[in-house]
Amino acid sequence: MTDAATPSQTDASTEPATGHLTGFRSKEYRAYVLGSLLLVYIFNFIDRTIINILTEPIKASFGVEDWQMGLLGGPAFAILYTFLGIPIARLSERVNRVAIIALAVGFWSLMTVLCGFATTFLILFLFRIGVSVGEAGCTPPAQSLIADYFKPSSRATAVSIYALGVPLGGMFAAIFGGFVAGNLDGPQVAAAFEAWGWTWAANVLDWSQIEGWRIAFIVVGIPGLLLSLTVWLTVREPPRGYSDPPEMQRKPDEARTSFLQVMGILLRKPTYVHVVIGATVASFIGYGVGQFTTSFLIRTHGLTIQQAALLFGIILGVMAAIGVFMSGWLSDRWAKRYPTSLSWLPALGMGLSVPFYAIGYSVDNLWLAMPPLMIAAMIHYFYLGPMYAISGGVVDSRMRATAVALTLFVVNLLGYGLGPPTIGALSTALKSVALSGADLGLTLDACRNLGTLAEEAFAACRNADAKGLQWSIIIFNCLYAWAALHYLLAGKTLQRDMLHKTA
């Protein structure tokens, strides 16, 4: 690629005064950079959400309950991820952003590989924390790069394309994670090594004791190590604020803003506050339900892990990706005619998703359930692209990475951190209620050893496990109406608070 260079280089061949009209570098190279950042974000979400697909085999392997898997899927990842995001964002406003991203990809990919070698639930929990440390260095610098590469009138589309990493990452995690967990285990890997003549590899471990979920972690983690090197070698670092309008270009002698100053500016922007609240509620629901959707398909509809993962990943993942892209694409094109489309479009999508989700998760027939679930998955994701566009659009280039990091801090700490354990606890509680109603004297402990139970007790445990999770998911999805309300309220001050107009 002719535009490739070391990240430390910048190009000022085009006058910054025209950057807001052209963007940085050529159209083809901008597409390459955006594609590279999208790939980074896809791997970010593959490594982040692979745990959702592997919930059932990990739960069986370590003998834990839904509430414990909720801790593994939520707080294990969310706490350090959110707290490190802000200092990394502040760092990315001073040093090379491409280097930060490349280093982050390499570190979280290594931690994902190590998850496959965890010998206890606690060790797996610690490696998941390691994944979160690496992934904290992804989105704030990436959003800052996108804003400097793309002119204001194209940013909503660009950030929505980047945000496709969320559903596409979840989709690929489902496809590859489900396939590997369902089709590969230690003995099969050892046999493959023997067939290839790799006797040294076949003798490294006792492959007879290696479960499929461990292989899945290793398989999805290794490619990220190569991606890290590719980003470092081929993506340029643009001048900061290059694509901002001339009146917003940062002056050489302009003082840096402190973290408290940035926070003060953002808190005085009602648009930003409402969008963050709405996105946090949506994240709380989405991460919580996403942790257990594959489990729901297995428990309620009797699918195998591979079937459930493919259905969740391909069908629902593709629909979610369509929704993410459409939100930004439509917002950019409707900006002149409908200046508040960044607000009411996601509000409409999330509000309408509530009845579709309720129907989809309630009906017993899987194929009757899929159409409303597909519609809901598409329209509820209308919120994601506008979340990034507004977070970066209410401040100038000096504060953009910090503004995005603050958004992610709240969204992930409360949404990701609390969503999975809350729905897991609710599922366990409703399972307990269902068991008490069965009048068989069953308890949660008794249901952990299904192989020792009589047929009636076995069926009761399985039914309680399925119903507890099903009603937890239905209850959670009703909260999208709350998130929709905040996006709608953001529209009242959107035009006043946005600095870079999309027109």
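Figure 1. Arg 496 is exposed, with a relative accessible area of 56%. In this predicted model, Arg 496 forms a salt bridge with Asp 497, and the closest N and O atoms are 3.2 Å apart. Asp 497, by contrast, is buried, at a relative accessible area of 3%. Side chains of opposite charge can pair when their charged atoms come close.

**Figure 2. Arg 97 and Asp 148, a salt bridge between two helices.** The side chains of Arg 97 and Asp 148 meet in a salt bridge, with 2.7 Å from N to O. The pair links distant parts of the chain: Arg 97 belongs to helix α6 (residues 97–115) and Asp 148 to helix α8 (residues 139–149), 51 residues apart. Arg 97 is buried, and its relative accessible area is 0%. Asp 148 also counts as buried, at 1% relative accessibility.

Figure 3. Arg 299 forms a salt bridge with Glu 56, the closest N and O atoms being 3.0 Å apart. Arg 299 lies in helix α15 (residues 270–301) and Glu 56 in helix α3 (residues 55–62), so the pair ties together parts that are 243 residues apart in sequence. Arg 299 is buried, with a relative accessible area of 13%. Both residues belong to a network of salt bridges that links Glu 56, Lys 59, Glu 65, Asp 66, Arg 299, Lys 431 and Asp 465.

**Figure 4. The disulfide between Cys 447 and Cys 461.** The structure holds 1 disulfide. A disulfide is a covalent bond between the sulfur atoms of two cysteines. Here the partners are Cys 447 and Cys 461, with their sulfur atoms 1.9 Å apart. The torsion about the S-S bond of Cys 447 and Cys 461 is about -70°, so the disulfide is left-handed. The pair links distant parts of the chain, 14 residues apart, with Cys 447 in helix α21 (residues 444–447) and Cys 461 in helix α22 (residues 455–477). Both Cys 447 and Cys 461 are buried.

Figure 5. Cys 115 is buried, with a relative accessible area of 0%. Cys 138 counts as buried too, at 1% relative accessibility.

**Figure 6. Leu 384 in the nonpolar core.** In soluble globular proteins, nonpolar side chains tend to be buried together. The largest nonpolar core of this model has 150 residues. Those with the most contacts inside this core are Ile 58, Phe 217, Leu 384, Met 387 and Tyr 388. Leaving aside its neighbours within four places in sequence, Leu 384 is in contact with Ala 163, Val 166 and Val 324.

**Figure 7. Gln 209 in a loop.** Gln 209 sits in the loop between α12 (199–202) and α13 (212–234). At 56% relative accessibility, Gln 209 counts as exposed. Its C-alpha atom is separated by 8.0 Å from that of Pro 187, a residue 22 places away along the chain.

**Figure 8. The whole protein, with its confidence.** The secondary structure comes to 24 helices and 0 strands. The radius of gyration is 23 Å, close to the 23 Å that the globule rule gives for 503 residues, so the protein is as compact as a globular protein of that length. Of the 503 residues, 58% count as buried. The average pLDDT is 84, and 91% of the residues score at least 70. Confidence is lowest in helix α1 (residues 19–22), at a mean of 58, and highest in helix α23 (residues 480–490), at 96. Over residues 1–15 the pLDDT is below 50, and this stretch has 36 contacts in the model beyond near neighbours in sequence.

How values were computed: Residues numbered from 1 in each chain as written. Predicted model: local features only at pLDDT ≥ 70, side-chain atom pairs only at ≥ 80, totals over all residues. Heavy atoms only, no water. Core = buried A, V, L, I, M, F, W, Y, C linked by side-chain atoms within 4.5 Å. Buried < 20%, exposed > 50% of the residue type's maximum accessible area, 1.4 Å probe, protein only. Contact = heavy atoms within 4.5 Å. pLDDT = per-residue confidence, 0-100. Helix = DSSP H or I, 4+ residues; strand = E, 2+ residues; numbered from the N terminus. Salt bridge = Lys/Arg side-chain N within 4 Å of Asp/Glu carboxyl O. Disulfide = S-S within 2.5 Å. Rg over C-alpha atoms; globule rule 2.2 N^0.38 Å.
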